[in-house]
Amino acid sequence: MAAASTVTDLFSKNAVTRLPEGPRPRGTTPLTLSFENVSMTYPDGTEALRDVSLDIQKGEFVSIIGPSGCGKSTLARIASGLLEHSEGQVYIDRDHLAFTFQEATLLPWRRVMANIELLMELRGVPAAQRRRIAQEQVDLVGLTGFENRFPRALSGGMKMRASLARSLSLNPSVFLFDEPFGALDEITRERLLDETSALHRVKGFTGVFITHSIPEAVFLSDRVVVMGARPGRIAAEFAVDLPHPRTSDMRFTPEFAAGCVTVSKALRQTIHPTGDAS
Ligand code: ADP
């Protein structure tokens with residue numbers, strides 16, 4: 001696909017890049033998720049998405065950011081297969097898709113381990129294998145020692161870790177995150193963002209992260225896609241040039257701040273296209 005502008009480039013040029021109209025060129029890297037001219041109108045006539053085209057490449061981490069009500073969750077629900085789009089084409093390997101929402105959605109009567117095993121159980125994975133895989137994920141997300149707790153005895157951050165572990169147990173090739181950390185306090189959120197970035201490196205999944213937080217999007221992503229107000233459409237996109245691994249300290253660098261400014265300006269442009277974006 002066409003190279004996106006980098007956040008640092010755009011910051012220095014003080015510009016917002018608009019994507020070209022029409023079909024998008026395909027690159028040589030394999031795609032894991034592709035939206036082609038996707039539109040979505042709800043039965044009550046609400047036009048949530050108009051002509052959205054987006055290719056996400058294997059192993060890429062892409063954040064989708066936009067004002068509230070611009071159709072981010074609609075896009076995520078279409079990708080996950082929970083919602084049928086009205087027009088266009090969607091390509092995704094749903095056999096290896098995992099998703100995490102704002103709520104951890106743990107079953108209150110099951111202990112942590114049993115919650116993490118749930119999806120594998122539904123897929124008929126034998127008990128011993130389930131247990132082994134669940135324990136690996138528990139260790140990976142930092143819940144070791146809490147396996148036998150019920151969800152009510154976990155903090156919000158720990159519940160979200162359990163939710164992540166449950167999704168990771170399926171070894172997803174695509175991981176869809178729909179504002180998973182929005183309800184958490186800032187310190188917990190930053191830790192979970194650090195860990196999500198590390199998980200992406202370890203597991204190598206393709207990440208799609210829906211958010212309305214600019215620092216979250218810049219911190220995690222290889223690419224930030226900015227959506228415009230309803231009907232949702234893609235207004236701009238930026239490659240994030242920060243090196244990997246992303247560390248907590250990176251949040252204090254001028255490059256990180258520059259990335260946030262660039263995305264912020266693009267977002268303001270989508271909300272007040274003719275106004276002052278500064
Ligand atoms: P975002 O995630 O960006 O906040 P959503 O995808 O949730 O936006 O919603 C996009 C638009 O579609 C909003 O105007 C919202 O009110 C509307 N919408 C969402 N779900 C439905 C629905 N089930 N029926 C009708 N309109 C809906």
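## Overall composition

The protein contains eight helices and 10 strands. The model described here is a predicted one. Of the 278 residues that make up the protein, 39% count as buried. Among contacts with a separation of 6 or more, 74% are accounted for by residues 24 or more positions apart.

## The ligand shell

The ligand is surrounded by 13 residues, and the closest are Tyr-42, Ala-48, Lys-72, Ser-73 and Thr-74. By class, the shell around the ligand consists of three nonpolar, seven polar and three charged residues.

Helix H2, which spans residues 72-80, supplies the largest share of this shell, namely three residues.

Strands of a sheet pair through backbone hydrogen bonds, in either a parallel or an antiparallel manner. In this protein, three strands form an open sheet in the order E3-E2-E5, with antiparallel pairing. Strand E3 (47-57) and strand E5 (87-92) stand at the edges and each has a single partner strand, so one side of each lacks a neighbour in the sheet. From one strand to the next, the twist averages 15°.

Strand E2 covers residues 31-41 and is joined to E5 by five bridges, the two strands running antiparallel. Within the strands of this sheet, Ser-39 stands opposite Glu-87 in E5.

## The hairpin of E9 and E10

Strands E9 and E10 form a hairpin, with four residues between them. Strand E9 (residues 223-228) pairs with E10 in the antiparallel sense, and six bridges connect the two. Val-226 stands opposite Ala-236 in E10.

Strand E10 is mostly covered, as five of its seven residues are buried.

## Packing of helices H3 and H5

Two packed helices are described by the angle between their axes and by the distance between the axes. For H3 and H5, the angle is about 35° and the axes are 7 Å apart. The crossing of H3 and H5 is right-handed. On the side of H3, the contact is made by Val-112, Asn-115, Ile-116, Leu-118 and Leu-119, while H5 contributes Ala-162, Ala-165 and Arg-166. Sorted by class, this contact of H3 with H5 has six nonpolar residues, one polar residue and one charged residue.

## Backbone geometry in the loops

Most residues other than glycine have a negative phi, and most peptide bonds are trans. Thr-105 has a positive phi of about 45° although it is not a glycine. Thr-105 lies in the loop between strand E6 (97-100) and helix H3 (112-122). Because Thr-105 has 13 C-beta neighbours inside 10 Å, this residue counts as partly exposed. Asn-171, likewise a residue other than glycine, has a positive phi, near 50°. The location of Asn-171 is the loop between helix H5 (156-168) and strand E7 (174-178). With 13 other C-beta atoms within 10 Å, Asn-171 is partly exposed.

A cis peptide bond is found between His-244 and Pro-245, where omega is about -5°.

Conventions
Residues numbered from 1 in each chain as written. Predicted model: local features only at pLDDT ≥ 70, side-chain atom pairs only at ≥ 80, totals over all residues. Near = placed C-beta within 6 Å. Nonpolar A, V, L, I, M, F, W, Y, C, P; charged D, E, K, R; others polar. Buried ≥ 20, exposed ≤ 12 C-beta atoms within 10 Å, placed from the backbone. Contact = placed C-beta atoms within 7 Å. Pairing = 2+ DSSP bridges. Axes fitted to C-alpha atoms, helices over the stretch in contact; angles between N-to-C directions. Left-handed = near helix turned anticlockwise from the far one by under 90°.
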